[in-house]
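Open the model in your viewer and keep the selection tool ready. We will go stop by stop, with a note on what to click and what you will find there.

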Amino acid sequence: MERPLQPLSHSSNEFLSLAHALLSAEQAVEPHLQILRTAFRAEPPPGRLRPLAVRTVGWASTRPRPRIRRFIEQLRAEPRLVRLIERHGLRQLPLVSVPLRMLPIPGTAPVVLETAGSLAAWLEVEAGQLLWFADLRDWNRKAGGDRLKHYTCRVLAKPYGAIRLLEVPGPRLKSMQRRILREILAPVPPHPAAHGFRRGRSIVSFAAPHAGREVVLRMDLRDFFPSISGPRVQALFRTLGYPEPVADLLGGLCTATTPRGVWRNTGCELSAADLQDARIFYARPHLPQGAPTSPAIANLCALRLDRRIGGLAEKAGVTYTRYADDLAFSGDALFARGAERFALRVAAIAAEEGFAVHPRKTRLMRRGVRQHLAGLTVNAQPQLPRRELERLEAILTNCVRHGPEGQNRDGHADFRRHLEGKVAFATMVNPARAGHLRELLERIAWGD
């Protein structure tokens with residue numbers, strides 16, 4: 001529980017500038033030294049400032065940017081700074097009259113939005129509409145009619161009693177989210193190990209580094225999107241440089257709280273305990289699975305996870321990639337001997353970073369069995385399973401010989417598009433082997 005904050009006295013503008021400058025994501029110590037030097041009316045001994053500068057760099061850059069109230073409290077508790085304040089006659093930093101300005105990550109050029117009004121104008125909505133869509137007061141969850149709700153929800157049952165909730169935003173909210181994705185989130189690169197939802201990458205690039213390895217370890221993160229909370233998304237936007245009021249609104253636009261009525265008549269055979277757990281879990285602000293911004297936000301929120309696991313893998317001589325909630329590792333005979341212990345360390349890191357590994361989905365696959373990642377076999381090279389290719393070839397052959405009308409046994413609404421998508425996917429995975437499939441597809445007489 002956070003302890004209450006005590007009232008703070010007013011201070012000089014220089015000290016206000018100090019706190020804001022220290023909230024930047026600058027990694028170097030020397031710029032912080034310059035900031036600290038200019039924050040005092042007299043020049044303190046340089047030897048006293050360097051340790052403090054090193055500490056403030058750690059606060060500002062190793063984790064998501066804290067709220068300024070938390071940061072100031074932490075700054076006030078720093079003994080070196082307390083002594084310097086007393087020696088040079090500065091007062092403590094107030095929590096009022098804090099100027100709103102961008103503090104972007106060095107090397108980036110984000111959209112400058114310093115007030116709620118500028119955010120509303122950028123999104124081309126009125127200020128009241130912005131507050132309604134951001135839903136910081138949890139109006140959407142308590143709304144009675146469907147017309148007032150921001151998301152269309154669908155509950156799906158997964159194996160082992162788990163639940164998947166699809167939340168698709170309405171047209172206006174989706175339009176705002178797409179602009180946030182395009183102009184704010186997309187320019188920020190995630191970790192190199194992340195292959196999901198990135199231009200130029202796919203499940204093929206995710207699986208390819210693990211082809212032909214002695215052992216492949218696959219792990220899965222439980223409830224990847226909804227486990228990322230609203231406050232965590234707001235912290236991400238603060239880290240990208242936005243003042244707290246703007247970051248809070250951006251976070252609200254990209255997160256959801258699930259209305260109570262969603263859990264009535266779900267159409268799934270779920271126990272009362274599972275429904276109750278889901279109702280509690282999804283009642284808090286979370287990243288919705290179905291919003292256009294969610295994949296990019298999830299990748300950025302998983303940056304520390306990827307860094308830590310990537311560092312662990314590098315020390316162990318292991319290859320690591322991630323596709324959304326799928327984690328893949330591969331290595332030689334040495335890794336095979338310690339893979340189970342390695343998996344426990346990965347699970348511990350994930351827990352520390354706010355994620356949970358699904359233990360039933362962890363698989364250790366040695367060379368003698370079928371090694372598969374994201375639906376692809378990687379024993380030799382990434383490719384579709386033989387059974388799936390043979391089934392697709394049989395369907396296409398029957399369509400050529402007998403016509404497509406009697407082959408749509410799964411009842412696809414647009415059977416032609418379905419087959420075209422299957423062939424396109426096979427071509428992406430292995431163009432050479434998919435050549436025959438493309439020829440069969442072109443020979444089908446669709447009768448239109």
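Helices (H or I, at least four residues) and strands (E, at least two) are DSSP runs, numbered from the N terminus. Residues are numbered from 1 along each chain as its sequence is written. This is a predicted model, in which local features need pLDDT of at least 70 and side-chain atom pairs count only at pLDDT 80 or more, while totals for chains, interfaces and linings use all residues; side-chain values use heavy atoms, with hydrogens and water left out.

**The whole chain**

Start with everything shown. The chain holds 19 helices and eight strands. Of its 448 residues, 45% are buried (buried means under 20% relative accessible area, exposed over 50%, partly exposed in between, with a 1.4 Å probe and protein chains only).

Next, select Phe197, in the loop between α9 (171-185) and α10. Phi of Phe197 is near 60 degrees, a positive value in a residue other than glycine. Most residues other than glycine have a negative phi. Is Phe197 buried or partly exposed? With a relative accessible area of 43%, Phe197 is partly exposed.

**Helix α9**

Now select α9 itself. Its end C-alpha atoms are 20 Å apart, in agreement with the 21 Å that 15 residues should span at 1.5 Å a residue (the expected span is 1.5 Å times one less than the number of residues). Color the buried residues of α9: Leu173, Met176, Gln177, Ile180, Ile184 and Leu185. Look down the axis of α9 and these buried residues fall within an arc of 100 degrees, so they line one face of the helix (the arc is that of the directions from the helix axis to the C-beta atoms). On the other side of α9, Pro171 and Arg182 are exposed.

**The four-stranded sheet**

Move on to the open sheet, where four strands run in the order β4-β5-β3-β6 with antiparallel pairing (two strands pair if DSSP finds at least two bridges between them). β4 and β6 (363-366) stand at the edges with a single partner strand each, so one side of each is left without a neighbour in the sheet. From one strand to the next, the twist averages 15 degrees (axes are lines fitted to C-alpha atoms, for helices over the stretch in contact, and angles run from 0 to 180 degrees between N-to-C directions).

Zoom in on β4 (residues 319-323) and β5 (residues 326-331), which pair over five bridges. Tyr320 stands opposite Phe329 in β5, and Thr321 has Ala328 as its bridge partner. Two residues lie between the strands of this hairpin, and Ala324 takes a positive phi near 55 degrees. Ala324 is buried, with a relative accessible area of 9%.

**Helix α18**

For the last stop, select α18 (residues 415-429), whose 15 residues reach 21 Å from the first C-alpha to the last. Which residues of α18 are buried? They are Phe415, Leu419, Val423, Ala426 and Val429. Seen down the axis of α18, its buried residues fall within an arc of 125 degrees, so they line one face of the helix. Show their neighbours too: the buried residues of α18 pack against α10 (203-207), β8 (376-377), α17 (386-402) and α19 (431-442).

Terms used. Contact means heavy atoms within 4.5 Å.
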